[in-house]
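I will keep my notes in the order in which I checked them.

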Amino acid sequence: FLRLSSTLCVHMLAAAGRRLRLRCPSAGRRCSTTITSDEPAVLSETRVFTAEDVTAFARLTGDDNPLHADVSFASSERYGARVVHGMLYASMFGAIVGVRYPGSVYISQSLSFRRPVFLGDAVTATLTLRRSGGGGRLLDFETTAANQHGELVISGDARVLLPRAARRQNSSVPPDDLAAV
């Protein structure tokens with residue numbers, strides 16, 4: 001494994017047998033990425049979900065389904081306890097991208113919910129770079145999240161468009177059809 005790190009947040013990543021250069025434009029911020037010469041880049045974050053998180057999410061979205069909010073109701077249903085909103089832990093993917101690459105646009109996300117997440121579960125969301133296009137500005141990721149037991153709780157794919165400044169700094173390839181995106 002190789003660990004790359006710099007205050008300019010410039011990463012050389014191996015992806016699909018090619019070298020791909022990405023820049024995190026957050027000046028003064030330290031970033032690092034672990035890669036191997038033949039594996040794609042991986043971004044990952046872990047979070048423990050609390051009752052307060054679920055209550056705040058329900059208040060913001062209006063989703064007060066008793067499976068998330070009512071202890072007695074949830075305990076008598078399928079999972080036997082309150083569960084975290086699927087879209088709450090799915091939002092970890094966009095948060096990882098937005099923090100790592102400020103100004104990026106999250107174009108699309110597919111999701112398959114595999115098993116419930118319970119209050120107090122530690123969820124690790126992982127984005128694995130699969131492809132890049134548009135001169136390194138358009139990124140396709142496999143997205144997965146697992147609980148503290150290593151059980152897959154969600155899977156899918158995401159497409160991200162890096163800011164124009166990142167493309168100009170990271171590629172000598174002329175602009176292509178990204179204007180349509």
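This is a predicted model: local features need pLDDT of at least 70, side-chain atom pairs count only at pLDDT 80 or more; totals for chains, interfaces and linings use all residues.

Next I looked up the partner of arginine 159 and found a salt bridge with aspartate 140, in which the closest N and O atoms are 2.6 Å apart. Arginine 159 belongs to strand S9 and aspartate 140 to strand S8, so the pair ties together parts that are 19 residues apart in sequence. Aspartate 140 has a relative accessibility of 10% and therefore counts as buried, since the limit is under 20%. I also noted that Arg131 joins Asp140 and Arg159 in one network, through salt bridges that share partners.

I then turned to the salt bridge between glutamate 151 and arginine 115, for which I wrote down 3.6 Å from N to O. This pair links distant parts of the chain, 36 residues apart, with glutamate 151 in the loop between strands S8 and S9 and arginine 115 in the loop between strands S6 and S7. Glutamate 151 is partly exposed at 32% relative accessibility, and arginine 115 is partly exposed at 38%.

My last pair was arginine 47 with aspartate 53, a salt bridge whose closest N and O atoms lie 3.1 Å apart. Here arginine 47 counts as partly exposed, with 33% relative accessibility.

To close the entry, I recorded the count for the model, which comes to 5 salt bridges.

Terms used. Residues are numbered from 1 along each chain as its sequence is written. Side-chain values use heavy atoms; hydrogens and water are left out. A salt bridge is a side-chain nitrogen of Lys or Arg within 4 Å of a carboxyl oxygen of Asp or Glu. Buried means under 20% relative accessible area, exposed over 50%, partly exposed in between (1.4 Å probe, protein chains only). Helices (H or I, at least four residues) and strands (E, at least two) are DSSP runs, numbered from the N terminus.
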